[in-house]
Amino acid sequence: MDNPAIGRILRDMAYDSDILIVGGGLNGPALALALAQGGLTVTVIDARPAPTRAEKGFDGRAYALAIASKRLLTVLGVWPQVAAYSQPILKIKASDGLAGQGAAPFFLTFDAAEIEEGPMGFMLEDRFLYSAFLDAMTTTPGITLLSGETVTQQETTSNGASVTLASGRRMSGRLIVGCDGRGSGTATRAGIRRHGWGYGQTALVTAIAHDLPHHGIAHQFFMPEGPLAILPLPGNVSSIVWSERDDIARQIQALSDDEYLAALRPRFGDFLGEIRLAGERFTYPLSLSLAEKFVLPRLALVGDAAHGVHPIAGQGLNLGLRDVAALAEVLVEASRRGEDIGAIDVLERYQVWRRFDSTILALGMDTVNRLFSNDNPFLRAGRDIGLGLVNAMPSLRRGFIRQAAGLAGDLPRLLAGQAI
Amino acid sequence: MSVSSIDPGEVAKFEAMAADWWDPTGKFKPLHMLNPCRLDYITTQIAAEFDRDLTAPRPFAGLRLLDIGCGGGLLSEPMARLGADVVGADAAARNIPVAELHAKQSGLSIDYRHTTAEDLAEAGERFDVVLNMEVIEHVADPLAYLTACQTLLKPGGLMICSTLNRNPKSYLMAIIGAEQVMRWLPKGTHDWSKFITPDELYDLIRKAGLDPVDRKGMVFSPLGWSWHLSARDLSVNYVTASIKR
């Protein structure tokens, strides 16, 4: 009888890890945990030094996690560490508005009571999520985290892949996965072209403290200049994603905090009482960026590296985690069948699974944004009636809720809360 | 060399294709597409028979496995990766260097041989597992061939055998569909009259001295453009598991 450990040692001698993940944001660590739980070895290459990312102060950045994403985090063992810091989203109210005029008479309400899965999603600050990932990565066997390292070169051959780091270190594996965002160096080095366009809009992101409780309700105000999302955080605090034309956003970002709040008040309204800044002010230019291919032999792209979307409705991270769940399932299953996990026919299963869904969602959010970022009275009347109609039809509304909660479509097992 | 059960005309056809084995979009695309489904069945059956945990690294360590009609090694390589001690046998000489070259590139150690099941049996080689996949429809004497497979197994050993059913639907799918319309397979790859029904195969397996224990259909779904196992639909491709008691 062979000693199974001998094979493990031989394999580790041939490759530093089975999989090289470039990018240590959120998708990279999530993928690393899912793969390591499935018995594969992973190296995560993170450009940022670990300690600065794990600092505890709130910087105002937060995520809206869909139910399916929460299930994935639960299986990965991350959710129990962050649950206490999360705010359930119990209702989403979408309405059409003009600054200073309040919401139009028709508005759309999505209520968690309409679907059996419970809250529609959870708000969670970036700092808690990232530090929970960091803790999980350091305690999970099979994961090597290289912080403060950047990739300068990558190479794929018929039987393996390797990256050269800025420090001169070289790492090898069976495949490279790019989780390095919409400016993905992994995709660029592989010669994968991108299609995309800007919206001429920039998202202003910060956290707002308010006098009155939000009752777990998220608001989306569709303004002619761009949407304003108000998303509940624990306590009397909400995260805002405030989209404006690029030039106006630049002017607003240059304002003092008092002037910034004065510009926000007519859009935000007074339904939560007096408002104050409760975090740093960030800006993100809005653009859509789709990679021409999600996979090549021994290479795969995940999250924004594959499809950078408009951050409306907080779907960027949720889409990324869907990629993570699908790719992890494809790779772990292939590995258990004895297949070569870097082979193109294996990786194409991931591309086929994810490409349709992510392209539809990216284009869908683009359409929603273009339709609503408009002051044409006919369009405005049309969308008011449209919102009213959707609101009047429970089955259609439940469809939207399930889509937003990440419960629609052919779900990978991790998103259904099951281990691979 | 003993009298081979391999039909000489069949060997020549496969020799012509050998170099294309490892191109997933090439001539063997249908086999590459079928492979995950075949591997799901094979790995599950081996794990069940030999009490192995598929979530552990190298679960098949210590098992001696023969892949008959190994071709370019599409099944031999996954089995070696899972830890099995693999002998790949093919009656077409040209497949052997192709398979050896690819195994070396993949960093795998596999014993590829230009030989037949009958010769290996006569030489006294014995295995825990015999893979007999998409071969029997190409042999001249199926019973003699299965008897050689039985001889090759150690007591308690497992044979996995897949082939094509013989009925109007399989003629439509495998001959008209796969060879003539889709051009997935070169014309003349299969001779429909050599296809075997699941009941005929069970009879042959029993006559050869093995105990058939399971059979499943392998069904192509055009919607997902992939293959899956089916407990009910054995109408075209199917796979069986048999034990040597």
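This is a predicted model: local features need pLDDT of at least 70, side-chain atom pairs count only at pLDDT 80 or more; totals for chains, interfaces and linings use all residues.
Helices (H or I, at least four residues) and strands (E, at least two) are DSSP runs, numbered from the N terminus.

Residues are numbered from 1 along each chain as its sequence is written, chains are lettered from A and ligands numbered from 1 in the order in which they are written, and side-chain values use heavy atoms, with hydrogens and water left out.

1. Start with D51(B), in the loop between α2 (29–50) and β1 of chain B. Its phi is near 55 degrees, a positive value in a residue other than glycine. D51(B) is exposed, with a relative accessible area of 71%; exposed means over 50%, buried under 20%, and partly exposed in between (1.4 Å probe, protein chains only).

2. β1(B) covers residues 64–68, and four of its five residues are buried. It pairs with β2 (residues 85–90) of chain B in the parallel sense over five bridges, where pairing requires that DSSP finds at least two bridges between two strands. Look for L65(B) opposite V86(B) in β2(B).

3. In chain A, three strands form an open antiparallel sheet in the order β9-β10-β11. β9 (151–156) and β11 (170–173) of chain A are at the edges with a single partner strand each, so one side of each has no neighbour in the sheet. Five bridges join β9(A) to β10 (residues 161–165) of chain A, and Q153(A) stands opposite T164(A) in β10(A).

4. S243(A) is buried, with a relative accessible area of 2%. Leaving aside neighbours within four places in sequence, its contacts (heavy atoms within 4.5 Å) include Q201(A), E225(A), P227(A) and L286(A).

5. R298(A) also has a positive phi for a residue other than glycine, near 65 degrees. R298(A) sits in the loop between β19 (295–296) and β20 (299–301) of chain A. Is this residue buried or exposed? R298(A) is buried, with a relative accessible area of 4%.
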